[in-house]
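Please read each point beside the sequence and the coordinates.

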Amino acid sequence: MLEKKKALKYLTIFIAIQMLALILIVYLFDPFYQYHEPYFGLKTVLFDRETQVAGSIRTLPYDSVLLGTSMMENCDSSYLDAQFNCQTLKVIKGSGSNTDLLYYLEQAHTQQDLQYVFWGLDWHALTSSTEVTVVSEYSPAYLFTANPLDDFTYHFNKDVLFKKIPLFLAYSFADINTDGHGYDWSDGKEFGAAKAMQDYNKPTEVLPAQDYTADIPLIQENISLIVEEIKSHPDTEYYILFPPYSLMMWDNVYTSGNGDKYFYMLDEIMDALLPLENAKVYYFQADRDIVCNLDNYMDKMHYTPAINQLMLESIASDNLTGYSPYRVTTDNVDEIKQNMLETYEYIITEGIYEYYEK
Amino acid sequence: MLFNSVIFIMVFLPLTLLGFFSLQQLKNPIYAKLFLTGASLFFYGYYNPWYLLLLGGSLLCNHGCSKLFELCKGQKSRRLVLIAGLFVNLGILFYFKYFNFFIDNCNMLLHTDWNIEKIALPLGISFFTFQQISYVVDRYRNDAPYYSLLDYACFITFFPQLIAGPIVLHSEFVPQLAARKNRKPDAEKFFDGFSLFILGLGKKVLLADVLARPVNAAFDDINIIRYYIDFPTGWLIILFYAFELYFDFSGYCDMARGISKMFGFELPINFDSPFKSETITEFWRRWHITLSRFLTTYIYIPLGGNRRGTAIRCRNTLIVFFISGIWHGASWNFIFWGLFHGFGMITENLFPKLRLPWAWLRKVVTFLFFTLSMVLFRSDSLQTAGLYLKRMFTADITPYLSRLGNSLQLPETFAITKLLQLKAPELVEPFNLVVFALLFIISCILIAGPKAEEWLCKKGRTRRGLFLLATIFTWSLISLSQVSTFLYFNF
């Protein structure tokens, strides 16, 4: 038995050694990319968007950004790298509001001179709150600052040590969520009409058209923020993609009485985006071969990686040949809107009944 | 502020210790006391500064009573002061803790529809109120001297015991404030305190919080109780809750005592291996000792204790346990929980011949009695408790046992679970059950083993023991990324 004074000394030394070891382990593996790119020949693994996006923007090399929600997560960004001769970082926020995505994008602009922004624009982004939610009292502050002094909870964190680092190592060795497949969640997921239909109980009643005038200021504010972002970075080229939701989503829009609101948003966003010189717009929602075939989906909105690839190929082909059937310009915008209206009419009168009883 | 938080362990505690001992070096101890009181108030008001008004008001009223006892010499006037002091203390407690309960019961009995906003329960109100009642009563009985406002404030607000006890008597604490030997930092006391704090932290963070997972998973969803709880899972979960409550509260008390020792003060022991008790009477001499002491000194004995025959003794016991029950919370569950223990103790005392022949069996029966009472303690209503008890004794067997291990979801076992999910998914549930069983065995070993301080005396100063202590500290520290509160904060 040691004397108490000596015991205290030993105890202090043991604690100090253990704490230093923890600091070192977390620093070297750094699964949230707070300090550096992976060491020891490990691959860059992106498997947890909530904790990795902020750090990856600060410390990983890139000159372009693939921005969006889970609708864009399964895109193979290495395809974009090859086609556009760039290095793309995926910046994803699950169910992300417009402002959260813009917050991330602004961080990326402060770190790099961005060549391209490939932006999957969801409809709900236009009606989302314009307050940043990713940085809040509920999110760990250390994720969003480069200041090592607030990293205590990163280094002394059981989840980081026992969950994130082992996952990071395992995924790196197994080549999961690496290269262009960061955050890709499609592996092991079931797609097909039967699975997708589990997500939607078609209402038997159709609500009357809802009054959306109260939403207009928010929609306009979100559109202004997007326009302001694009205008304030004239050297960056923006590819804006409207991802194709399934016919179930459009039927849901109809039965909830929100059709007019969606077409209002379509008019407004197109009017705002098309005049911008550094923005190209691609609209996939009117393609009946995609949206009316539920085998492409796992729920109302999420589609197979093949659809992600189709979207990327479409913009790459436009880049290469100057043509994409999905490209929207001031010349064809009315035709595309008309197509969408007809598709919508078709879905609510016929398309949906190929899967659901009348 | 919570003891089990990074801000407390890494910032508040070191800075307060530093400030306190620096100021203790000055000739006049008033600065150190002022600093300690200020730090305690900061600790208390960290989450809700408005509670400081209540604490301050209560403290000033009771100190005012003490002053009045100094001025009033006649028995009548002293009695009036006592009544006024008790009225203020019990009034505050009634309003903040029991008013909602009172209104709900009035509505139920009188078929009225009085609606009042839910009154938030200020932290530790039951603890500091009881502490002050004891001082006022002792002053009335001339068993306590008059203390200066600063000494009194320092005693009542002393942060290690402010929120969840132990319920310290003035005579145990205030004299220590004046003792000269406490004015210099003492490495030996610091080691005793720090090592006890570490063991308490480990009990809370590494055991109680983990045991809470399957317990909360069951009790937070009435449908799980209704459809899934069966004989084995019902008993296992409630056993886990008994362990959780013990590790949670005794862990808190170890931390409180440890911190006090670091400051050079001794607080009374609140737990003395209660699960080794052979009778319910003994259990209450070992569990929450300072509450039992308060209830005995200020309620049981003034009512006549056990001096006026069996009937009065039984009545007094029931009154004390009724108060103990309602002290734990404003609900019928707690009242019935208290009375259950009261009846248990009365039965034990009335029929001593029922005493079982073997000590180990008596210990097991006492433990099971306590565990069974935990159903009332943990349930959010009498209906839920009834349903749970019914399911505990049902003959149906549901598949919930195999799923119980999943509710643990420990980061420590994450890598193995993930690997099993990929390579041998059929082994995931058995593996989780093994972890569950391990946790149960560890809990049993700890409740049957030596107390924290005994272990520290025997093995705490060997190199291996010190390494273990350091590991518990570091392991607890990295477990604080998800902070939980202490169960006894609600009482």
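**Notes on the predicted model**

1. Just after helix H10 of chain A, A:Gly257 adopts a positive phi of about 75°. Helices (H or I, at least four residues) and strands (E, at least two) are DSSP runs, numbered from the N terminus.

2. This is a predicted model, in which local features need pLDDT of at least 70, side-chain atom pairs count only at pLDDT 80 or more, and totals for chains, interfaces and linings use all residues. Residues are numbered from 1 along each chain as its sequence is written, while chains are lettered from A and ligands numbered from 1 in the order in which they are written.

3. H10(A) spans residues 247-255 and is mostly covered, with seven of its nine residues buried. A residue counts as buried if 20 or more other C-beta atoms lie within 10 Å of its own, as exposed if 12 or fewer do, and as partly exposed in between, with C-beta atoms placed from the backbone. The buried residues are A:Leu247, A:Met248, A:Met249, A:Trp250, A:Asp251, A:Val253 and A:Tyr254. Their cover includes helices H8 (193-197), H11 (259-273), H12 (288-291) and H14 (333-349) of chain A.

4. Strand S5 of chain A (residues 279-283) is largely enclosed by the rest of the structure, because five of its five residues are buried. In a regular strand the side chains alternate between the two faces of the sheet. Both faces of S5(A) are covered: A:Ala279, A:Val281 and A:Tyr283 lie on one side, and A:Lys280 and A:Tyr282 on the other.

5. Which strands does S5(A) pair with? Strand S4 (residues 237-242) of chain A runs parallel to S5(A) and is joined to it by five bridges; A:Tyr239 has A:Lys280 as its bridge partner in S5(A). Strand S6 (residues 327-328) of chain A runs antiparallel to S5(A), with two bridges, and A:Val328 in S6(A) is the bridge partner of A:Val281. Two strands pair if DSSP finds at least two bridges between them.

6. Chain B is divided into domain 1 (6-110 + 120-185) and domain 2 (208-279 + 355-490), with bounds from an automatic or database domain assignment. The C-alpha centres of these two domains of chain B lie 32 Å apart. Their contact (C-beta atoms, placed from the backbone, within 7 Å) takes 19 residues from domain 1 and 19 residues from domain 2.

7. On the side of domain 1 of chain B that touches domain 2, the elements giving two or more residues are helices H1 (6-24), H7 (159-162) and H8 (170-178) of chain B. H1(B) gives the most, with five residues.

Definitions and conventions. Contact = placed C-beta atoms within 7 Å.
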